Amino acid sequence: MPRKTDGILFELQPRPTKGEDGKPLLYAEPVIERKYDLDDIDEFCAKYRHTTQGEMKHLFSLLEEVTTMWLSKGYRVETPFGSFAPKLKLVGEHTDPEKVLGRDVIYGGIGFIPAKQFVKDADCSHDGFRRKQGSVGNSQMHDPKAMDEALRRSVRHGYITIKAFQWVSGLKYKTAQAYLDSLCTGDNPRLNRYKEGRTWHYTIRETTHTV
């Protein structure tokens with residue numbers, strides 16, 4: 001069967017739970033190949049939706065101003081996208097409602113419930129889906145030879161950056177960072193690290209042999 005070349009690209013990730021064969025159960029998530037921001041929206045609408053340049057940016061600015069004004073008062077705000085409402089957190093462990101006071105509650109962010117029509121309009125299943133080739137999730141971390149090779153190929157100008165290692169190893173950014181950081185600890189760390197500006201640099205430690 002020929003490989004599918006259209007449709008939404010997805011990759012597989014392992015779940016914490018395991019199946020009957022002892023292997024992690026899998027789930028699918030989309031591979032985000034491109035991101036659009038407000039500048040892109042504004043430019044697109046100006047070209048193809050008869051708005052003026054800057055109109056969409058101004059609209060979103062006003063929408064944010066009004067929405068956050070009402071959210072900060074504890075209201076729910078309904079939009080064509082869905083409804084927004086503040087989330088609250090109860091600090092500490094409580095079992096007696098009579099003992100819970102206002103100071104025990106803190107702001108916990110914003111909750112969003114997408115509108116049914118918004119979800120329907122955003123349906124991305126029309127062209128089907130195709131799987132990204134490669135290992136599942138970050139399973140390559142369990143292959144020492146693959147990780148050693150990725151470290152070797154990531155060295156640029158005498159050091160390794162997280163982004164370089166991420167690209168070569170195929171790991172997620174945070175996983176790549178955690179892996180590199182783990183090699184900087186212990187009795188015999190394999191890497192040293194230092195920060196230059198906002199970027200962490202990792203260097204391979206030279207091994208010394210004692211006679």
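When two axes meet at an angle, under 35 degrees counts as roughly parallel, over 145 as roughly antiparallel, 65 to 115 as roughly perpendicular, and the rest as oblique. Keep that handy for the first topic, and bear in mind that this is a predicted model.

**How α4 and α5 pack**
- Helix α4 (residues 144–154) packs against helix α5 (residues 162–169) at about 130°, and their axes are 9 Å apart.
- That makes α4 and α5 oblique to each other, and the crossing of α4 past α5 is right-handed.
- On the α4 side, the residues involved are Met147, Ala150, Leu151, Arg153 and Ser154, and they meet Ala164, Phe165, Val168 and Ser169 of α5.
- Sorted by class, this contact has six nonpolar, two polar and one charged residues.

- Aspartate 148 pairs with arginine 190 in a salt bridge, with the closest N and O atoms 3.1 Å apart.
- Aspartate 148 sits in α4 and arginine 190 in the loop between α6 and β7, so this pair ties together parts 42 residues apart in sequence.
- Glutamate 149 and arginine 152 form a salt bridge too, at 2.5 Å from N to O; both lie in α4, three residues apart.
- Glutamate 149 is partly exposed at 33%, while arginine 152 counts as exposed at 53% relative accessibility.

**Salt bridges elsewhere**
- The whole structure has seven salt bridges.
- In helix α1 (residues 38–48), lysine 47 and glutamate 43 are four residues apart, about one turn of the helix, and their side chains meet in a salt bridge of 3.3 Å, N to O.
- Glu11, Glu29 and Lys172 are joined in a salt-bridge network.

Technical notes: Residues numbered from 1 in each chain as written. Predicted model: local features only at pLDDT ≥ 70, side-chain atom pairs only at ≥ 80, totals over all residues. Heavy atoms only, no water. Axes fitted to C-alpha atoms, helices over the stretch in contact; angles between N-to-C directions. Helix = DSSP H or I, 4+ residues; strand = E, 2+ residues; numbered from the N terminus. Left-handed = near helix turned anticlockwise from the far one by under 90°. Contact = heavy atoms within 4.5 Å. Nonpolar A, V, L, I, M, F, W, Y, C, P; charged D, E, K, R; others polar. Salt bridge = Lys/Arg side-chain N within 4 Å of Asp/Glu carboxyl O. Buried < 20%, exposed > 50% of the residue type's maximum accessible area, 1.4 Å probe, protein only.
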